[in-house]
Amino acid sequence: MKSKKLEKRFLKFITVIFLGSLPFVLKKTPIKDSLLVLFMNGYTNAIVDRFLVNRQILQYPIRFIPKEFKSNVLFDFLCLPTVSLWLYHLTKNDNPFKIVYKIVLTISSLFLVELWAEKYTKLIKWQKGWKWYYSLISLNIRALFSRLVIAIINIIEKKQEG
């Protein structure tokens, strides 16, 4: 019982941190890009997470809104989209090599929190042969894909303006 309270507090703490940081990141990035990053990330996270949860590959025993969602709403719609927005802001003027480097470094740090949560809490459970490197690879691919889509949209937009 004590562990469950601690895990709920951790979720609330993470929520406050990410909600608190969102205005600062939104202020530094064009609103079109910000909304695109947030919505695209939330949407793709929800699809991937729903697929994995429905096939009982991942499980979130302790989560927000457990009766309505089997997935981790906090991670899918707030944490990873906000991190992707930070990454966009950090890499918007970088060359492709620097972009990949920064994304892999940042996402790997975020992954360490997931690894800790899987090992020491009931926030996430990997099942059916899911390995740590699947999470690491999928998180990096999603972040790189998101950044690529934004770059392509910005290139198209510049061509239409010029």
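Predicted model: local features only at pLDDT ≥ 70, side-chain atom pairs only at ≥ 80, totals over all residues.
Figure 1. Of the 162 residues, 41% count as buried. The exposed surface comes to about 10200 Å². Carbon and sulfur atoms supply 68% of that surface.

**Figure 2. Fold and dimensions of the chain.** The secondary structure consists of 5 helices and 2 strands. Their order along the sequence is α-α-β-α-α-β-α. The radius of gyration is 16 Å, close to the 15 Å from the globule rule for 162 residues, so the chain is as compact as a globular protein of that length. Along the principal axes, the C-alpha atoms fill a box of roughly 60 × 35 × 25 Å.

**Figure 3. The largest pocket.** This pocket holds about 500 Å³ of space. Its lining has 28 residues. Nearest the centre lie N72, F75, L110, V113 and E114. Two or more lining residues come from each of α1 (2-28), α2 (31-54), α3 (73-91), α4 (96-120) and α5 (132-161). The largest share, 6 residues, belongs to α4. By class, the lining divides into 21 nonpolar, 4 polar and 3 charged residues.

**Figure 4. The second largest pocket.** About 270 Å³ of space lies here. The pocket is lined by 14 residues. K92, R147, A151, N154 and K158 lie nearest its centre. Helix α5 gives the largest share of the lining, with 8 residues. The lining comprises 7 nonpolar, 2 polar and 5 charged residues.

Methods:
Residues numbered from 1 in each chain as written. Heavy atoms only, no water. 1 Å grid on protein atoms, 1.4 Å probe; cavity = no way out; pocket = protein on both sides within 12 Å on 5 of 7 lines; lining within 4 Å. Points joined across faces, edges and corners; volume = space filled by probe spheres on them. Helix = DSSP H or I, 4+ residues; strand = E, 2+ residues; numbered from the N terminus. Nonpolar A, V, L, I, M, F, W, Y, C, P; charged D, E, K, R; others polar. Rg over C-alpha atoms; globule rule 2.2 N^0.38 Å. Buried < 20%, exposed > 50% of the residue type's maximum accessible area, 1.4 Å probe, protein only. Areas by Shrake-Rupley, 256 points an atom, 1.4 Å probe, with all protein chains shown as cover.
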